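Here's a walk through one model, starting at the ligand and moving out along the strands. Have the structure open while you read.

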Amino acid sequence: MRKKIIAGNWKMNMTPSEAKALCETLKPLVAGSSADIVFCVPAIDIVPVVEAVRGTNIRVGGENLYFEDKGAYTGEISADMLKDAGAEYVIIGHSERRGYFAESDADINKKLKKALEKGLNPIVCCGESLEQREQGICFDWIRMQLKIAFDGISKEDAEKVVIAYEPIWAIGTGKTASADQAEEVCAAIRELISELYGAKTAECIRIQYGGSMNAGNCRELLGKPNIDGGLIGGASLKAEFGEIANSGR
Ligand code: PEP
């Protein structure tokens with residue numbers, strides 16, 4: 001039985017003082033959750049958030065990392081920096097990073113390798129645009145994204161990865177994929193993992209859905225057999241996140 005994982009993606013929101021206040025609001029609301037709870041926060045918020053959630057069931061993650069260890073990469077953050085600051089997770093390949101910052105599938109593969117080498121738990125994002133869905137290439141697109149992301153990753157490491165299926169047309173738009181649409185793609189992702197690594201790895205890898213998940217739709221989405229959690233943007237900044245965190249109970 002896979003443990004659910006409910007992760008917030010704060011994106012570029014919350015100053016350090018706002019972040020601390022949000023933690024105080026959310027801590028009691030997620031305390032009883034039976035899922036793994038992760039706050040993925042802006043780099044500058046990692047230290048204060050780690051401090052604010054110490055001793056609770058909340059784990060902290062970064063929203064990105066660079067694949068080099070150190071050096072002249074102005075503005076980037078390394079896996080060692082994330083770890084030393086207390087982050088245990090990291091989002092890799094979010095569609096906003098692919099879109100606004102031109103991250104390629106090859107970059108994502110290098111970032112995934114670095115995160116695993118350094119002992120961070122990666123949340124690797126994939127997902128199609130509306131145009132791709134309408135063209136009927138959704139599955140081909142996601143298979144390509146994930147085949148490149150997992151290239152050269154061992155079976156043992158693959159089992160540590162969380163995959164987030166996030167249709168781009170559903171992110172921040174208020175348009176959620178129906179539970180059946182989300183389940184169909186998550187099942188296809190599990191099938192791909194089975195092809196790449198075998199049935200045992202496919203059975204244990206966790207696959208989240210992300211895209212306008214909220215307190216109203218989370219139960220149906222999280223009730224699907226191949227959806228093992230959520231990656232939540234907008235609703236992760238509100239008390240509503242507590243309802244999502246507890247919806248699996
Ligand atoms: C996200 O940023 O990963 C996301 C799913 O955002 P939202 O929940 O706001 O659609």
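An oxygen atom of the ligand sits 2.8 Å from a polar backbone atom of Gly 234, and that makes a polar contact here (a pair of N or O atoms within 3.5 Å; within protein, one must be able to donate a hydrogen and the other to accept it, and residues adjacent in sequence count only if both atoms are side-chain atoms). His 94 and Ser 212 have ligand pairs of their own, listed in the table.

| Residue | Part of the residue | Distance to a ligand oxygen |
|---|---|---|
| His 94 | side chain, N or O atom | 2.9 Å |
| Ser 212 | backbone, polar atom | 2.7 Å |
| Gly 234 | backbone, polar atom | 2.8 Å |

On its own the ligand exposes 290 Å², and the protein buries 96% of that. Areas are Shrake-Rupley values with a 1.4 Å probe, and for residues only the protein chains shown count as cover. There are 14 residues around the ligand, with Lys 11, Glu 166, Gly 172, Ser 212 and Gly 234 coming nearest; to be near, a residue needs a heavy atom within 4 Å.

A word on the ground rules. This is a predicted model, where local features need pLDDT of at least 70 and side-chain atom pairs need 80 or more, while totals for chains, interfaces and linings use all residues. Residues are numbered from 1 along each chain as its sequence is written, and side-chain values use heavy atoms, leaving out hydrogens and water.

Now the strands. Helices (H or I, at least four residues) and strands (E, at least two) are DSSP runs numbered from the N terminus, and two strands pair if DSSP finds at least two bridges between them. Strand 1 (residues 5-9) runs parallel to strand 2, joined by five bridges, with Ile 6 partnered by Ile 37. The chain gets from strand 1 to strand 2 through helix 1 (residues 16-30) in a right-handed β-α-β crossover. Right-handed means that, with the strands pointing away from the viewer, the path from the first strand over the helix to the second runs clockwise.

Strand 2 (residues 36-40) also pairs with strand 3 in the parallel sense, over four bridges. Here Ile 37 has Ile 58 as its partner in strand 3. Strand 3 in turn runs parallel to strand 4 (residues 89-92) with two bridges, one partner pair being Gly 62 and Val 90. Helix 3 (residues 79-85) makes a right-handed β-α-β unit with strands 3 and 4.

How covered are these strands? In strand 2, five of five residues are buried, and in strand 3 (residues 58-62) four of five are. Buried means under 20% relative accessible area, exposed over 50%, and partly exposed in between (1.4 Å probe, protein chains only). On strand 2, Asp 36, Val 38 and Cys 40 cover one side and Ile 37 and Phe 39 the other.

Asp 36 counts as buried because its relative accessible area is 19%. Its side chain makes a 2.8 Å polar contact with the side chain of Arg 206.

Over in helix 7 (residues 138-149) sits Gln 145, buried because its relative accessibility is 3%. A polar atom of the Gln 145 side chain lies 2.9 Å from the backbone nitrogen of Gly 127. Beyond its neighbours within four places in sequence, Gln 145 is in contact (heavy atoms within 4.5 Å) with Arg 98, Asp 105, Cys 126 and Gly 127.
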